[in-house]
Amino acid sequence: MLLHLFSIVFLFLSSFCSCDQKKFSFHGYKLIQIKPKSVHHFSLLKSWEENPDFDVWNRIKSINEIVDVALSPKAFQQYEPLFKLANLPYTIVNENIQNLIDREEESMRRSFPSRSIVGRYPRYTEVSSFISNLVIDNPDIASSYSAGTTYENRQLKVLVLKTDTSQKSVWIDCGIHAREWISISTCVWFIDRLLKDYRNSDPVAKDLLGYYEFHILPIVNPDGYEYSHSNFRIWRKNRKPNREDELIWNCFGTDLNRNFGYKWMVAGSSSNVCSEIYAGPSPDSEVETKSVQKAINDKLGNWDVFVTIHSYGNLWMVPWGWDTSLLPDYNDLYSVSQIGADALKAVYGTKYSIGSPANLLYSASGGSFDWSYAVANIKYSMALELRPGNGEPDYNYGFILPEDRVPLVGEETYIGLKAMIFWQNKAVVETWKR
């Protein structure tokens, strides 16, 4: 047991830990695609997912489905013989992940002179200022509140857009996983476009804000997000230390999308503090989790829609994440999701798959939208996985999508969500028809 513990620490420190304050270099890190061909292969991948040096970027789905994995040079030396021993097919799609990061940073430098954060990868303070300025400039429809304070003392700032006639509520959040930068940028884009459409008397935006108040949290995980900018680009979890044993104090963070209390630790989660899918020491243990829950519970019974936005994979998902059984409401949710996905596709031709994570991908419990559906009773609870999608030219960028893609992803997602939210509500639709 002690030997196993030391090996975990060594793997973590040697491959994925950036223990000082310098920006970590991913020089020599490989992005590989693995295609399991048997139940044995699938089981191997699921067991390796627990290891901190085996960083799964998408999902371990099923036999013959591609799995994207980032490996340090040392980790690749360790796993390559195991791949060959098990006859597990793999392809190296990028020999040096740092090249992707350099390209991303170059695209960010080109856009930095812009005063607006819309269409960029903004930092936490920029998003906070963006919300504050919107409230100042639009006092008739905009307000904000702090849903909570993180371990590193950052506010979880929620923007509210509503009118005097707003009755029901819509929740949208982004950035629960730190490295999914395109998610945060998409929330910012959504806010900007909805506000501009309303000011320009777009009929759908006017009807939506005439009936709904929108609560939008652009960064659920600001501590992790800032760390992914300043230190470690592909950081996933939050930044609260895990000190269950002083030997593993460097294994920071909890996967916030495994920490929600509904069906916690039932599937697709880990009790290993060094794992990327560590579910936390107990259900609902993290301040970010509690803060989202409190914001929802403060208006319990008033929510019509809950949307949480991730990347990547081009997926429009409905519960369940924890189990493959279908909801009683599944057909309704699927139909409304289809409206959103069709509207999204009409913008640039981007195709989304629709279904539950447990059936599209794999079972994973402790997710926010399982909680919002089962505990908060929000029927239209959904999760989106944004670009890039498998088979697209940008797919091998994974999380490290160049910044010039932000307007494309933001616009199609805005149009898709706008259509979905509009058509799921019969009261709004009837007003539109009149």
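**Aromatic rings and nonpolar cores**

Reply: One aromatic cluster is formed by Phe 24, Phe 26, Tyr 29, Tyr 227, Phe 232 and Trp 235. The model is predicted: local features need pLDDT of at least 70 and side-chain atom pairs pLDDT 80 or more, while totals for chains, interfaces and linings use all residues. Residues are numbered from 1 along each chain as its sequence is written, and side-chain values use heavy atoms, leaving out hydrogens and water.

Me: How is a pair of aromatic rings described?

Reply: A pair is described by the distance of the centres and the angle of the planes. Rings of Phe, Tyr and Trp (its six-membered ring) pair if their centres lie within 6.5 Å; planes under 30 degrees apart are stacked, over 60 edge-to-face, and the rest tilted. The structure holds 32 aromatic pairs. Among them, Phe 24 and Tyr 29 are edge-to-face, 5.7 Å centre to centre with 90 degrees between the planes.

Me: Why does Tyr 29 count as buried?

Reply: Buried means under 20% relative accessible area, exposed over 50%, and partly exposed in between (1.4 Å probe, protein chains only). Tyr 29 counts as buried because its relative accessibility is 4%.

Me: Where do nonpolar side chains tend to be in soluble globular proteins?

Reply: They tend to be buried together. A nonpolar core is a set of buried Ala, Val, Leu, Ile, Met, Phe, Trp, Tyr and Cys residues joined through side-chain atoms within 4.5 Å. The largest here has 84 residues, and those with the most contacts inside it include Trp 57 and Ile 172. Apart from it lies another core of 24 residues, including Trp 303 and Tyr 362.
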